Amino acid sequence: MNAATKRANFDLSPEQEELLANLRTQLAASSTKEAVLRAVQLATLLLDEVSQGNRLFVGKSPTTAVRLVIPELESRAHGQWRWLIERPHPWRRQLWVKGRKLLASAVWLDAMTNGMSPREAAENWDLPLEACEEIFVYCEANKALIEAEVNEERLRLKRANVDVDATART
Amino acid sequence: MDEDSQARSQLNVLRSDGHEVVTIGELEKNGTPDEEVFDLAQSLDRVVLTHNTEDFHIKPPRADI
């Protein structure tokens with residue numbers, strides 16, 4: 001054994017051992033170690049892509065491909081944002097505009113509704129253009145989360161006997 | 001107007017319709033917690049306009065108003 005190499009010992013449950021055996025078979029790896037290292041390389045590659053703001057899609061053709069969301073990768077991707085930040089909230093997980101009590105989606109949804117460009121949105125909300133460009137990229141990449149949080153809010157208001165739709169019509 | 005609603009376009013529409021509006025930003029209170037925004041509005045005898053429906057809905061009215 002090379003002096004620079006180290007032996008790694010860890011316990012595996014029977015289920016974990018089976019997972020590794022399956023991975024080794026699927027990857028046609030010559031050893032469990034090779035299978036693990038190839039899986040690590042793949043995970044690192046995907047993480048690099050997501051960290052750069054790229055999205056992952058799966059499908060048989062570009063027209064039918066659907067976005068693949070891997071929560072572990074998405075959460076790590078937050079490190080890429082310069083103008084957006086996480087804030088503690090009981091159930092919201094989308095990001096906020098740094099230094100402002102303003103959800104990224106508030107700016108984006110308003111811009112979408114009114115057909116505004118990032119530049120127009122920046123003027124409308126007194127934000128730097130770069131911040132608005134980032135908000136647009138983030139919200140486009142997290143449409144499902146934003147929609148889920150809109151639905152969650154409606155559900156909570158409904159539980160509290162507030163009819164938002166009726167209020168909006170009056 | 002709460003911080004999540006103080007877009008210039010919205011402000012212009014409300015003011016051109018004759019509403020007397022003041023924003024949290026104009027009061028130099030961006031970043032103020034919801035509770036303080038609510039208390040401030042009550043102390044100024046104003047309505048809070050916000051997108052933050054759920055968080056504000058649970059706030060009880062001040063007893064002396």
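A crossing of two helices is left-handed if the near helix is turned anticlockwise from the far one by less than a right angle, and right-handed if clockwise. The model is predicted: local features need pLDDT of at least 70, side-chain atom pairs count only at pLDDT 80 or more, and totals for chains, interfaces and linings use all residues. Residues are numbered from 1 along each chain as its sequence is written, while chains are lettered from A and ligands numbered from 1 in the order in which they are written.

**Exercise 1. The two chains**

Task: State how many helices and strands chain A has, and do likewise for chain B.

Solution. Step two is to take chain A, which has eight helices and four strands. Along its sequence they follow the pattern α-α-β-β-α-β-β-α-α-α-α-α. Step three is to take chain B, with three helices and zero strands, in the order α-α-α from the N terminus on.

Burial comes next. A residue is buried if 20 or more other C-beta atoms lie within 10 Å of its own, exposed if 12 or fewer, and partly exposed in between, with C-beta atoms placed from the backbone. Of the 170 residues of chain A, 19% are buried; in chain B the share is 17% of 65 residues.

**Exercise 2. The crossing of α5(A) and α6(A)**

Task: Determine at what angle α5(A) and α6(A) pack, and how far apart their axes are.

Solution. Two packed helices are described by the angle between their axes and the distance between the axes. Axes are lines fitted to C-alpha atoms, for helices over the stretch in contact, and angles run from 0 to 180 degrees between N-to-C directions. For α5 (residues 118-125) and α6 (residues 129-141) of chain A, the angle is about 120° and the axes are 8 Å apart. The crossing of α5(A) and α6(A) is right-handed.

The residues involved follow from the contact rule: two residues are in contact if their C-beta atoms, placed from the backbone, lie within 7 Å. On the side of α5(A) they are Pro118(A), Arg119(A), Ala121(A) and Ala122(A), which meet Leu129(A), Ala131(A), Cys132(A), Glu133(A) and Phe136(A) of α6(A). For classes, Ala, Val, Leu, Ile, Met, Phe, Trp, Tyr, Cys and Pro count as nonpolar, Asp, Glu, Lys and Arg as charged, and the others, Gly among them, as polar. This contact has seven nonpolar, no polar and two charged residues.

**Exercise 3. α4(A) against α6(A)**

Task: Which residues make the contact between α4(A) and α6(A)?

Solution. The axes of α4(A) and α6(A) come within 9 Å and cross at roughly 90°. Angles under 35 degrees count as roughly parallel, over 145 as roughly antiparallel, 65 to 115 as roughly perpendicular and the rest as oblique. The helices α4(A) and α6(A) are therefore roughly perpendicular to each other. From α4(A) come Ala104(A), Ser105(A), Val107(A) and Trp108(A), and from α6(A) come Cys132(A), Ile135(A), Phe136(A), Tyr138(A) and Cys139(A). By class, eight are nonpolar, one is polar and none is charged.

**Exercise 4. The largest nonpolar core**

Task: Which residues touch the most other members of the largest nonpolar core?

Solution. A nonpolar core is a set of buried Ala, Val, Leu, Ile, Met, Phe, Trp, Tyr and Cys residues joined through C-beta atoms within 7 Å. The largest one has 29 residues, and Val97(A), Ala104(A), Val107(A) and Ile135(A) touch the most other members. Two or more residues each come from β4 (96-97), α4 (104-113), α5 and α6 of chain A, and from α2 (34-43) of chain B. Leaving aside residues up to four places away in sequence, Ala104(A) touches residues including Leu84(A), Trp96(A) and Ile135(A).
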